[in-house]
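Dear colleague,

Here is the structure that I promised to pass on to you. Please look through it first, and then read my notes below.

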Number of protein chains: 2
Amino acid sequence: MIQDSIRILQARGYKITQPRKQVLEVLQGAQKPLSPYDIQGLLQKQGKYVNHVTIYRILDLFCSLNLTHRVLSSGGFVKCAIESKEGCHRFMVCSRCGALQEFADEELCRDENRFAQNLGFHTEYHLSESSGLCANCHKKSEGPEGV
Amino acid sequence: MIQDSIRILQARGYKITQPRKQVLEVLQGAQKPLSPYDIQGLLQKQGKYVNHVTIYRILDLFCSLNLTHRVLSSGGFVKCAIESKEGCHRFMVCSRCGALQEFADEELCRDENRFAQNLGFHTEYHLSESSGLCANCHKKSEGPEGV
DNA sequence: GCGCTAATTGCAATATTATTGCATTTAGCC
DNA sequence: GGCTAAATGCAATAATATTGCAATTAGCGC
């Protein structure tokens with residue numbers, strides 16, 4: 001919920017402004033990662049003007065607080081869907097419909113850390129994005145009479 | 001080695017041109033990911049002019065053949081260091097010195113696939129970049145008398 | 001080595017994405 | 001309501017990326 005994000009912003013001493021609320025709303029309603037200019041365009045359709053520089057700055061802030069994430073494989077931003085979860089947040093992106101699922105798993109982090117340790121590397125943060133078919137698209141790809 | 005890449009290009013019917021060899025050489029000598037314009041700049045220092053559009057196209061080709069990879073967290077390109085390895089190629093980027101280590105591990109892929117399956121997702125490709133301290137920088141951070 | 005042709009590169013224009021400094025506005029406080 | 005730091009808008013510009021078309025070149029047969 002957007003309210004959670006707003007509470008976090010307040011708790012850290014950041015002001016709750018119109019542009020910040022509007023960016024949160026747009027991201028909340030999005031089905032896929034949005035670029036800063038996507039966000040600006042969607043807001044404009046609602047008659048709300050926000051300068052793109054402002055959107056960049058808002059996204060920088062949100063990402064630093066983990067309220068949003070930047071999805072590197074598509075270059076867009078998404079609202080964090082699992083704010084409470086421990087472990088690095090990971091994405092699965094459907095290569096057909098673009099749908100994005102976020103998850104976190106501490107065991108995967110441990111597996112990666114262990115592997116890195118063997119190479120002398122001390123991991124602080126994991127970036128992980130998988131592409132493949134989501135449940136829906138996979139079902140369709142098996143034909144209408146599927147399983 | 002560059003020769004390996006050249007052999008792969010030839011085997012697939014691509015011509016061995018000056019720009020392609022030069023881009024390979026620059027990437028081979030690099031200690032960190034390079035942007036297309038970085039590459040152009042380095043070549044220019046050697047008195048070799050290659051148009052940036054050409055470099056973009058060469059990198060597209062190389063990446064499609066897995067001769068190079070795009071490192072998303074830094075936005076640059078690196079020559080593939082483990083061309084023969086099975087499994088998705090992964091990176092560890094040192095957050096202090098920028099050094100990059102490439103590796104692949106089929107078990108990590110299986111772990112990720114298993115997890116995705118549980119969420120109904122059928123993975124085709126993994127993108128994985130970790131950041132942390134490389135062996136060298138970690139040693140230094142423990143002080144000169146460190147282990 | 002010479003010419004031929006498809007593949008490749010260069011060029012020019014333009015689109016997209018991102019950043020900076022400074023003036024203006026506004027949220028949250030009294 | 002007025003005050004002030006924080007946030008936004010604006011304008012300029014930088015950095016990154018793409019397109020269509022003309023010019024060049026690698027690799028082929030001879």
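How many residue pairs are in polar contact between chain A and chain B? The count is 16, with both residues at pLDDT 80 or more, where a polar contact is a pair of N or O atoms within 3.5 Å and, within protein, one must be able to donate a hydrogen and the other to accept it, while residues adjacent in sequence count only if both atoms are side-chain atoms.

Please keep in mind that this is a predicted model, in which local features need pLDDT of at least 70 and side-chain atom pairs count only at pLDDT 80 or more, whereas totals for chains, interfaces and linings use all residues. Residues are numbered from 1 along each chain as its sequence is written, chains are lettered from A and ligands numbered from 1 in the order in which they are written, and side-chain values use heavy atoms, with hydrogens and water left out.

As for the two protein chains, 34 residues of chain A are in contact (heavy atoms within 4.5 Å) with 34 residues of chain B. β5(A) is joined to strand β5 of chain B, residues 122-133, by 11 bridges, and the two run antiparallel; strands here are DSSP runs of E, at least two residues long, numbered from the N terminus. Within this pairing, Tyr125(A) has Ser131(B) as its bridge partner.

For Lys15(B), a backbone N or O atom lies 3.3 Å from a phosphate oxygen of DNA strand C.

Best wishes

How values were computed: Two strands pair if DSSP finds at least two bridges between them. Helices (H or I, at least four residues) and strands (E, at least two) are DSSP runs, numbered from the N terminus.
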